[in-house]
Amino acid sequence: MASMMQPQIILLKEGTDTSQGKPQLISNINACMAVADVVRTTLGPRGMDKLIHDDKGNTTISNDGATIMKLLDIVHPAAKILVDIAKSQDSEVGDGTTTVVLLAGEFLKEAKPFIEDGVHPQNLIRSYRTASFMAIEKIKELAVSIEGKSLDEKRSLLAKCAATTLSSKLIGGEKDFFAKMVVDAVIAIGNEDRLNMIGIKKVQGGTMRDSFLVNGVAFKKTFSYAGFEQQPKKFLNPNILLLNIELELKSEKENAEIRLSDPLQYQSIVDAEWNIIYDKLDKCVKSGAKIVLSRLAIGDLATQYFADRDIFCAGRVAEDDLHRVAAATGATVQTSVNNVIDEVLGSCEIFEEKQVGSERFNIFSGCPLGQTATIVLRGGADQFIEEAERSLHDAIMIVRRAMKNSTVVAGGGAIDMEISRYLWQHARNIAGKSQLFINAYAKALEVIPRQLCDNAGFDATDVLNKLRQKHALAAGEGALYGVDINTGGISDSFANFVWEPAVVKINAINAATEAACLILSVDETVKNPKSESAQSDAAGMGRGRGGGGMRGGRGRGMRRR
C-alpha cells in the first residue's frame, strides 16, 4: 500500500503554464497561418496595402512584408519566427519578404492534416528538408546567367529585375522610370558593399517624375547663421575640407574663477579667446579649400569670415552625409586644422546649391572617386514618400544581388509551378508515406501563383489548371510560363521580362522550410508567470516614473520657485 502512494513531485513554480503534445503543435501552426493571412493580400503587382497605426500616432502605409511584420507587435512565440525570417530575407536579399512568410504558412497548413492524423513531426521534417534541397537544385538548374554581357546589355537586364520588384510596390506605375534610376545608382557605387553609399533624400511636393539621381552627394542645407547668403553658391573644381571640430567662440565648459587685479587683464583673456578662433579660421583659408564642411557647429563669426573670403561653409552636417562626401571627393575628415596638407583635401567638378521644392540642397557632382550616388525623391504625402523609399531600398538590394550573383529565373509564379511539377513527378518514384509529404510540399509551392491570381481578382482555379497543363508538357517548353497579371491568363514570364534573381527564390525557400521545420519540431511550450509579470511591471514603472517626473519635477525652461 505504501509503495503505491507516490510522493507528489513539484517541478515547476506555481502558476507556470505548460502546454504540450499535438494540441500545442496545432496551436502554433494556427498562429503562423494567421500571421501569413495578414500579409497574404499584399503579394504581387495587384497586392493591396496595409495601413498600420502605432501607439505613438504614427501612420505607415506599406505592402512590404518585412515592414508590416516589424510593425505588427506579434507576441505569440511561434509566430515571432515568421517575423524573424521576413527580417532575414529583407537584410539578405531585400525582396521576397511576403513570399517567404506565405510559403512558411502554407508549408505548415499542408502539414496540419498529417499532424492531426497522428503522423510524427520528424517524418514530415525529414521529407520537407529533402524537398527543399531538391527544389533549390532545380532552381539552380533553371537559372539563366546574365554574366559576360556588355555594360549596356547588363544595364538593361538589371533594369528588368528592378522593374519586376517595383511592379508590386506603391510606385509600380512609374517602375520603368525608377528602375533605370536604381540601376544607375548601383552601378555608380561599383563594388562598394556599403549600402549607405546610396543616399535617399525625401522632399515633399511635386510628382514622382520630379525625382532625380545625383551622381555624387546631395544633402539638405544645414542650419546657417547670418552671412550665409553672402557666400558663393556655385564652384567649379573646388577644394573641399571636411572637419570634425567646432568653429565658434567657446565659453568655458567648467566653472572657472579668475581673479584680476587690473581690469585691462580681462580684455587680454577675451582677446585670447578671439585669437584662438581667428587662428583656426585663418588656417582653413590658407589650406586653399573653397568649401568647408563640419560635423559640428560653424558659428556666425566663422560664417561671416568665410563669406568675406568667398568660401562656402556648412556646419552640423549629418555624419553619413559627411562620410559619403569623403568617399566621393577623396577628402579625409580632419579633427584639427593644424598642418592641413593638400592630400587631405577633396575635389569635385561642380558644387552648387539648388532649390528642390521647398528645400535647398547642396549638390556635389562629377566626383573623382564617384563611389556614391544620391536619389532625391519627390511626392505628395509623407507616407507615400516613406513607402517609395522602402520600395527603392528593395529594388537597390535586388540589383546589387543580381550584379553579384548574376543568375535570374522567371517570375510571376513560373518557377514555383515548375518546381511543384518536378516534386510531384519525383514523389511518384517514392514508396511510403514520404510520397504524401513531398506532394504536400509541392502543393504548398502553388500558393504563390494562386495568391497572385486572387489578389488581381482572377479565377485562381482556372489559371492554375492552365499553368499545370503548360508545365506538364513533356518537352519542357512550358517551364517559363507564369501568371499574366494584365490579361488574367498565362504567358511566358521570361519573354515578358518578369525576372527575379535566383538568390531571392533560393533564400525564400530555404528560410521558409527552416521556419516550418522549426515550428513542427516544437512539442511543448513553458510559460513562466514571473517573466510576464516582470515585463508588465517594468512597463508600468517606466510609465509611472515618467509621469511622476512630469508632475512633480521642474520642467525644462520653467522658473525655479
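**Terms and their grounds**

Colleague: What makes Asn237 count as exposed?

Modeller: Its relative accessibility is 58%. Buried means under 20% relative accessible area, exposed over 50%, and partly exposed in between, with a 1.4 Å probe and protein chains only. Asn237 is therefore exposed, since 58% is over 50%. This is a predicted model, in which local features need pLDDT of at least 70 and side-chain atom pairs count only at pLDDT 80 or more, while totals for chains, interfaces and linings use all residues. Residues are numbered from 1 along each chain as its sequence is written, and side-chain values use heavy atoms, with hydrogens and water left out.

Colleague: Where is Asn237 placed? What is its phi?

Modeller: Asn237 lies in the loop between β8 (234-236) and β9; strands are DSSP runs of E with at least two residues, helices are runs of H or I with at least four, and both are numbered from the N terminus. Its phi is positive, about 50°, although it is not a glycine. Most residues other than glycine have a negative phi.

Colleague: What makes the pairing of the four-stranded sheet mixed, and which are its edge strands?

Modeller: The open sheet has the order β11-β10-β9-β12. It contains the parallel pair of β9 with β10 and the antiparallel pair of β9 with β12. β11 and β12 are the edge strands, as each pairs on one side only. Helix α10 packs on this sheet and touches β9, β10 and β12. Four of the five residues of β9 (239-243) are buried.

Colleague: Why is α14 said to be largely enclosed by the rest of the structure?

Modeller: Seven of the 10 residues of α14 (residues 447-456) are buried, so the helix is largely enclosed. The buried residues are Val447, Ile448, Pro449, Gln451, Leu452, Cys453 and Asn455. They pack against α1 (22-40), α4, α12 (414-427), α13 (434-445), α15 (460-471) and β17 (481-483). Gly457 follows α14 and has a positive phi near 85°.

Colleague: How do α3 and α4 pack, and which residues make the contact?

Modeller: The angle between α3 (residues 80-92) and α4 (residues 97-116) is about 145°, with the axes 8 Å apart. Axes are lines fitted to C-alpha atoms, for helices over the stretch in contact, and angles run from 0 to 180 degrees between N-to-C directions. Contact means heavy atoms within 4.5 Å. Leu82, Ile85, Ala86, Gln89 and Asp90 of α3 meet Thr97, Val100, Val101 and Ala104 of α4.

Colleague: How many residues of this contact are nonpolar, polar and charged?

Modeller: There are six nonpolar, two polar and one charged. Ala, Val, Leu, Ile, Met, Phe, Trp, Tyr, Cys and Pro count as nonpolar, Asp, Glu, Lys and Arg as charged, and the others, Gly among them, as polar.

Colleague: Which residues touch the most other members of the largest nonpolar core?

Modeller: A nonpolar core is a set of buried Ala, Val, Leu, Ile, Met, Phe, Trp, Tyr and Cys residues joined through side-chain atoms within 4.5 Å. Of the 74 residues in the largest core, those touching the most other members are Val101, Phe107, Leu124, Tyr128, Leu423, Ile509 and Leu520. Its largest share, 11 residues, comes from helix α16 (residues 502-520). A second, separate core of 40 residues includes Ile146, Ala162, Leu377 and Val408. Beyond its neighbours within four places in sequence, Val101 contacts Val35, Ala36, Val39, Met69, Leu82 and Ala86.

Note on methods:
Pairing = 2+ DSSP bridges.
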